[in-house]
Amino acid sequence: MSHALQDPRPVRDRKSAAPASLTRGGLPRWSPAGIAVLSAVLGSGIGLVFDLHSKVQWGLIAAILFVAITYTASAIVENRRQAKDRVATSVVWVCFILAVIPLLSLLWTTISRGIGILDADFLGHSMNGVTSFEEGGGVYHALLGTIEQVGLATLIAAPVGLLTAVYLVEYGRGSLAKAVTFFVDVMTGIPSIVAGLFILTTWNLMLGFGPSGFAGAMALSILMMPVVVRSTEEMLKLVPNELREAALALGVPKWRMILKVVLPTAIGGISTGVMLAVARIAGETAPIMLLVFGSQLINGNPFEGAQSSLPLYIWEQYKVGSEASYDRAWAAALVLIAFVMILNLVARGIARWKAPKTGR
């Protein structure tokens, strides 16, 4: 005889009693914050007791305690299912904090070390006539070189990468598309020094051109293209096929459908991908050392003569080893971070401006 026939309770009572373990009391809303504070205190105490000098060790101990205490408290007060859910949420938060802390530390160190000499004189003067051991000088020549080199690289790589992605998504079929995808994947992993050596061999040695910002821009464009292709390709794939079919059903040519429907729909992601590619090349030093050489003078012509750039300027100043050169290196690093951030803000503004308007 089954257990259901032996149980003298009514069927309604048995059904209501079954999920009783799922309806127990819950932790208060302030419990995550309270557990985080308790974990930080316990982690600091363990670090002091065991004489752990690294604050990173304290933080890792506190993170482990946070997850363990969260699971234990939730299992006691709520149930094991809710405890597992809270542990998963806690792990996500811990990983997020562990990823953000180095970034905030980097930003704080760069700002605190570089803000001291970052002023109009620093931005408006070059190192012409200033030795590296002396105070003074500025970053104008390097900032001008970075703007020109990154701008030229973007003008070369962005259209090529965009058109390649359009081909792969909208037209690419068969062996040619597979070959293009394969070589894009290969180019993604090319070291920057290899791109610089390629341009040095072809542009400088074989064709006889001298060092210039344009040579550096061509090497940077090689590094930028696969990032633009991959990011744009993924954004174009996210455009619903219904939009394409609706446009084609109205008799619109395919090229016009891509230009007027697909690209405007994905413009936000495309601009973000281009900015990621710009951030990828803005800090490259090896191709600039090989092809641009660096200069302490202001050279506004990227097609002739040696130029400088912010990454190369930072390396040159930090290599000197004096207190003044260290300050200039940190200030130039802060300028480079601000340069990338401004480009991202501009890209977001363009994406919002060009994005298709949605009505209610």
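# Loops, helices and a cavity

Me: Where does F293 lie?
Reply: F293 sits in the loop between α14 and α15, where helices are DSSP runs of H or I with at least four residues, numbered from the N terminus. This is a predicted model, in which local features need pLDDT of at least 70, side-chain atom pairs count only at pLDDT 80 or more, and totals for chains, interfaces and linings use all residues. Residues are numbered from 1 along each chain as its sequence is written, and side-chain values use heavy atoms, with hydrogens and water left out.

Me: Is F293 buried or exposed?
Reply: F293 is exposed, with a relative accessible area of 52%; buried means under 20% relative accessible area, exposed over 50%, and partly exposed in between, with a 1.4 Å probe and protein chains only.

Me: And what is its phi?
Reply: F293 has a positive phi of about 80°, although it is not a glycine.

Me: What about S295, buried or exposed?
Reply: S295 counts as buried because its relative accessibility is 15%, and its side chain reaches the backbone nitrogen of L297 at 3.1 Å.

Me: OK, switching to α9, where does it bend?
Reply: α9 bends by about 30° at L200, the bend being the angle between axes fitted to the seven residues ending there and the seven starting there. Helix α9 covers residues 192-206 and reaches 20 Å from its first C-alpha to its last, close to the 21 Å expected at 1.5 Å a residue, where the expected span is 1.5 Å times one less than the number of residues.

Me: Which residues of α9 are buried?
Reply: The buried residues in α9 are S192, A195, G196, I199, W203 and N204.

Me: What caps the N-terminal end of α5?
Reply: N79 does, with a side-chain oxygen 3.2 Å from the backbone nitrogen of R81. Helix α5 itself has 35 residues and reaches 50 Å from its first C-alpha to its last, close to the 51 Å expected.

Me: Last topic, how much space lies in the largest cavity?
Reply: About 50 Å³ lies in the largest cavity, a cavity being a set of points on a 1 Å grid over the protein atoms alone where a 1.4 Å probe fits but cannot get out, and a volume being the space filled by probe spheres set on the points.

Me: Which helix gives the most to its lining?
Reply: α7 gives the most to the lining of the largest cavity, with four residues; lining residues have an atom within 4 Å of a point.

Note on methods
Helix = DSSP H or I, 4+ residues; strand = E, 2+ residues; numbered from the N terminus. Polar contact = N/O pair within 3.5 Å; in protein donor to acceptor, adjacent residues only side chain to side chain. 1 Å grid on protein atoms, 1.4 Å probe; cavity = no way out; pocket = protein on both sides within 12 Å on 5 of 7 lines; lining within 4 Å.
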